[in-house]
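Please look over the model below before reading my notes.

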Amino acid sequence: SGKEPIIICSVPAMTILRGISLICTFLSLEQSINALGVPRALGSSDRVIVSPSVAKADFLNLGEDLSAVVEGGAEWLHFSVQDGQMVPKISFGASLIASCREKYSDTIFDVKLGCIQPEYKIKDFCDAGADIITVHPEST
């Protein structure tokens, strides 16, 4: 993907940028940001990043809803993937993210894997176009 591997870890969730291995250390988010030299847009409290949740869209009009928020200034889209096991709700999978990636190539895709054993699913979501993946260490 051409991106430098960066790991941002925090408890209870751990965030991974595309193209790196699942590694869990228990640094605070601020410690991770400082130690890794994360771009300030990812870690700064002086800049707000709008990341609307795709789960709140009208799925019958998903394309229209996503276009509206991106055209309205959203730089990121948040995809909350839920498997029905870690949490009761079932949402969507990597194929939806891949379909959205085709149209929104310049938008950051922030994907949270609320699922059991996410380490077996990370590659699928990276391949689908996720830029940021968040997992819960307790789910592994």
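The notes below go from the overall fold to single residues.

1. **Basis.** This is a predicted model: local features need pLDDT of at least 70, side-chain atom pairs count only at pLDDT 80 or more, and totals for chains, interfaces and linings use all residues. Residues are numbered from 1 along each chain as its sequence is written, and side-chain values use heavy atoms, with hydrogens and water left out.

2. **Fold.** The protein chain has 5 helices and 5 strands. Helices (H or I, at least four residues) and strands (E, at least two) are DSSP runs, numbered from the N terminus. In that direction the order is β-β-α-α-α-β-α-β-α-β. Of the 140 residues in the protein chain, 40% are buried. Buried means under 20% relative accessible area, exposed over 50%, and partly exposed in between (1.4 Å probe, protein chains only). Among contacts with a separation of 6 or more, 56% join residues 24 or more positions apart. A contact is heavy atoms within 4.5 Å.

3. **Core.** The largest nonpolar core has 24 residues. Such a core is a set of buried Ala, Val, Leu, Ile, Met, Phe, Trp, Tyr and Cys residues joined through side-chain atoms within 4.5 Å. V54, F79, I97, V111, L113, F125 and I133 have the most contacts inside the core. Two or more residues each come from α3 (62–71), β3 (76–82), α4, β4, α5 (122–128) and β5 (132–135). In soluble globular proteins, nonpolar side chains tend to be buried together.

4. **Helix α4.** Its buried residues are A94, L96, I97, C100 and R101. They span an arc of only 155 degrees around the axis, so they sit on the same side of α4. The arc is taken from the directions from the helix axis to the C-beta atoms. The buried residues of α4 pack against α3, β3, β4 and α5. Exposed S95, E102 and K103 are on the face turned away from the buried side of α4.

5. **Helix α3.** Here the buried residues are L62, L66 and S67. Their arc is only 125 degrees around the axis, which puts them on the same side of α3. They pack against β3 and α4. The face of α3 turned away from the buried side carries exposed E64 and E71. Just after α3, G73 takes a positive phi of about 115 degrees.

6. **Aromatic rings.** The whole structure holds 3 aromatic pairs. Rings of Phe, Tyr and Trp (its six-membered ring) pair if their centres lie within 6.5 Å; planes under 30 degrees apart count as stacked, over 60 as edge-to-face and the rest as tilted. F79 and F92 have ring centres 6.1 Å apart and planes at 90 degrees, so this pair is edge-to-face. F79 lies in strand β3 and F92 in the loop between β3 and α4, so the pair ties together parts 13 residues apart in sequence. For F79 and F109 the centres are 4.8 Å apart and the planes at 50 degrees, so that pair is tilted. It links strand β3 to strand β4, with F79 and F109 30 residues apart. F79 and F92 are buried, and F109 is buried too. Ring pairs link F59, F79, F92 and F109 into a cluster.

7. **R101.** What does R101 do with D131? The two form a salt bridge, with the closest N and O atoms 2.6 Å apart. A salt bridge is a side-chain nitrogen of Lys or Arg within 4 Å of a carboxyl oxygen of Asp or Glu. R101 lies in helix α4 and D131 in the loop between α5 and β5, so the pair ties together parts 30 residues apart in sequence. R101 is buried, at a relative accessible area of 15%. D131 is buried as well, at 5% relative accessibility. R101 also lies over the face of F109, at 3.7 Å from the ring centre. The criterion is NZ of Lys or CZ of Arg within 6 Å of the ring centre and within 35 degrees of the ring normal.

8. **K123 and D127.** The whole structure has 2 salt bridges. D127 and K123 form one of them, with the closest N and O atoms 2.7 Å apart. They are 4 residues apart in helix α5, so about one helical turn separates them. Both D127 and K123 are exposed.

9. **T107.** This residue is in the loop between α4 (94–103) and β4 (108–114). T107 counts as buried, at 6% relative accessibility. Not counting residues up to four places away in sequence, T107 touches V70, E75, W76, L77, R101 and D131.
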